[in-house]
Amino acid sequence: MLPSRPMPQIHLTDEIRMLQDTTRKFVEDEVAPNIDAWEEAEEVPRNLFNRMGDLGFFGIRYPEKYGGTELDAVATVAFYEELGRAGYGSLSAGVGVHGDMASPHIARYGNESQLNEWMPKIVSGETLTAIAVTEPDAGSDVARIKTRATRKGNNAWLLNGSKMFITNGARADLYVVAAKTDLNAKGSRGVSMFIVEKGTPGFRVAKKLDKHGWRASDTAELVFDDCEIPAENLLGEENRGFYQIMDNFQNERLTIGAIALGECDKAIALTTEYVKGRKAFGGVLWDKQVVRHKLANLTMQVEAGRQLTYHAAWLDAQDIDCVKEVSMVKAYLGELANRVMYDCLQLHGGMGYMRESQIERMARDARIHTIGGGATEVMIEEVAKRM
């Protein structure tokens, strides 16, 4: 007999519904009218993060004493689903990394001094964060990182190495950096996490990277060359960094899944509107059964993804192990987003191939969902391990 699993009783509280409404209005009033300009400039304005901090978007699951609202993973998913409906991956990327991929390391593993110094500024949007784990030769395989941290007396560490594909990398104020602290340890052992401030001598942004999608998202290569940081900038326990990274991967992957979910909704809505107005072969495209059924099938698949995503979030909120379910979310929604964008661009015809078309940009932006935060193949293996 198969082991039973708790079933979710998904109920969006008044607080979560208010968060959804606030996010939706923010997207309509302050994001949607500016997307084309930001895309052309290849930059989302830095002050937008301050505005989002004012609206409470960066403190959803953080303690009230730091300015947070102490909600749960269901609220996080609801927020990112709404943000994803903006159809603007560049913004979702920077917000997701700051709010739910980098800063959770400080919130979970920071000591009292680190928490008091940084968390209020993180929640307000004053301090922008980035997570620096990936390297040229180490992506999903975190155990292969080569950046090293060696002691300099009792009061400092020296960081040496490089990081690649770091979102918020060029503009962040605070970096959470993974480095080897036990050079004799094999595999995932001997990794520690550090807090590195912008402007620290020996740390520089090598270059801002030119990407296929997320054109207005700040993604960079970082270099550490005898970068000296105070001993107290060690984040959490020495040599336990790998486990910190693995622990936060669940939050990261759930966030990516929720963003992809919202983007799927947006793409289907855009395409449905387009085919209902596009005349061809003596009628409108919507009158063709093959077109209606294509969009109906995509809608069904997205709804299945929504139920899976909120189920995983509910399990997380109940403090129930959900590595398998979150891995499913990341794999399923990442692949589905690309399938949705492919079919929606196809239904736009030649116009969908034009840079002036929103669906063209969304299709480029969605491609990263099967790669970043853990490739689909890695996610499926995580599921298989737990079968």
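This is a predicted model: local features need pLDDT of at least 70, side-chain atom pairs count only at pLDDT 80 or more; totals for chains, interfaces and linings use all residues.
Residues are numbered from 1 along each chain as its sequence is written, and side-chain values use heavy atoms, with hydrogens and water left out. Helices (H or I, at least four residues) and strands (E, at least two) are DSSP runs, numbered from the N terminus.

**Helix H9 and its two partners**

- The axes of helix H9 (residues 323-348) and helix H11 (residues 376-385) come within 8 Å and cross at roughly 150 degrees.
- Axes here are lines fitted to C-alpha atoms, for helices over the stretch in contact, and angles run from 0 to 180 degrees between N-to-C directions.
- H9 and H11 are therefore roughly antiparallel to each other.
- Angles under 35 degrees count as roughly parallel, over 145 as roughly antiparallel, 65 to 115 as roughly perpendicular and the rest as oblique.
- The crossing of H9 and H11 is left-handed.
- Left-handed means that the near helix is turned anticlockwise from the far one by less than a right angle; clockwise makes a crossing right-handed.
- On the H9 side, the residues that meet H11 are Val323, Lys324, Ser327, Met328, Lys330, Ala331 and Glu335.
- On the H11 side they are Thr376, Met379, Ile380, Glu382 and Val383.
- By class, the contact of H9 with H11 has six nonpolar, two polar and four charged residues.
- Ala, Val, Leu, Ile, Met, Phe, Trp, Tyr, Cys and Pro count as nonpolar, Asp, Glu, Lys and Arg as charged, and the others, Gly among them, as polar.
- H9 also packs with helix H10 (residues 358-366), at an angle of about 155 degrees and with the axes 9 Å apart.
- H9 and H10 are therefore roughly antiparallel to each other.
- The crossing of H9 and H10 is left-handed.
- H9 brings Ala337, Asn338, Met341, Cys344, Leu345 and His348 to this contact, and H10 brings Ile359, Glu360, Met362, Ala363 and Ala366.
- The contact of H9 with H10 counts eight nonpolar, two polar and one charged residues.

- Nine of the twelve residues of strand E3 (residues 156-167) are buried, so E3 is largely enclosed by the rest of the structure.
- Buried means under 20% relative accessible area, exposed over 50%, and partly exposed in between (1.4 Å probe, protein chains only).
- Strand E2 (residues 148-152) runs antiparallel to E3, and five bridges join them.
- Two strands pair if DSSP finds at least two bridges between them.
- Alanine 149 has leucine 159 in E3 as its bridge partner.
- The hairpin of E2 and E3 has three residues between the strands, and glycine 153 takes a positive phi near 65 degrees there.
- E3 is also joined to strand E7 (residues 219-230), antiparallel, by nine bridges.
- In that pairing, leucine 158 stands opposite glutamate 228 in E7.

**Strand E5 and its neighbours**

- Six of the seven residues of strand E5 (residues 191-197) are buried, so E5 is largely enclosed by the rest of the structure.
- Seven bridges join E5 to strand E4 (residues 174-180), and the two run antiparallel.
- Lysine 180 has valine 191 in E5 as its bridge partner.
- Two bridges join E5 to strand E8 (residues 234-235), again antiparallel.
- Methionine 193 has leucine 235 in E8 as its bridge partner.

**Single residues**

- Isoleucine 131 lies in strand E1 (residues 129-132) and is buried, with a relative accessible area of 16%.
- Not counting residues up to four places away in sequence, isoleucine 131 touches Val97, Met101, Ala102, His105, Ile166, Val176 and Met193.
- Contact means heavy atoms within 4.5 Å.
- Threonine 255 sits in helix H7 and is buried, with a relative accessible area of 1%.
- Leaving aside neighbours within four places in sequence, threonine 255 is in contact with Thr76, Tyr80, Gly96, Asp100 and Met101.
- Tyrosine 243 is found in helix H7 (residues 241-277) and is partly exposed, with a relative accessible area of 38%.
- Asparagine 116 lies in helix H6 (residues 112-124) and is partly exposed, at 44% relative accessible area.
- Asparagine 116 and lysine 65 are 51 residues apart along the chain, with their C-alpha atoms separated by 9.3 Å.
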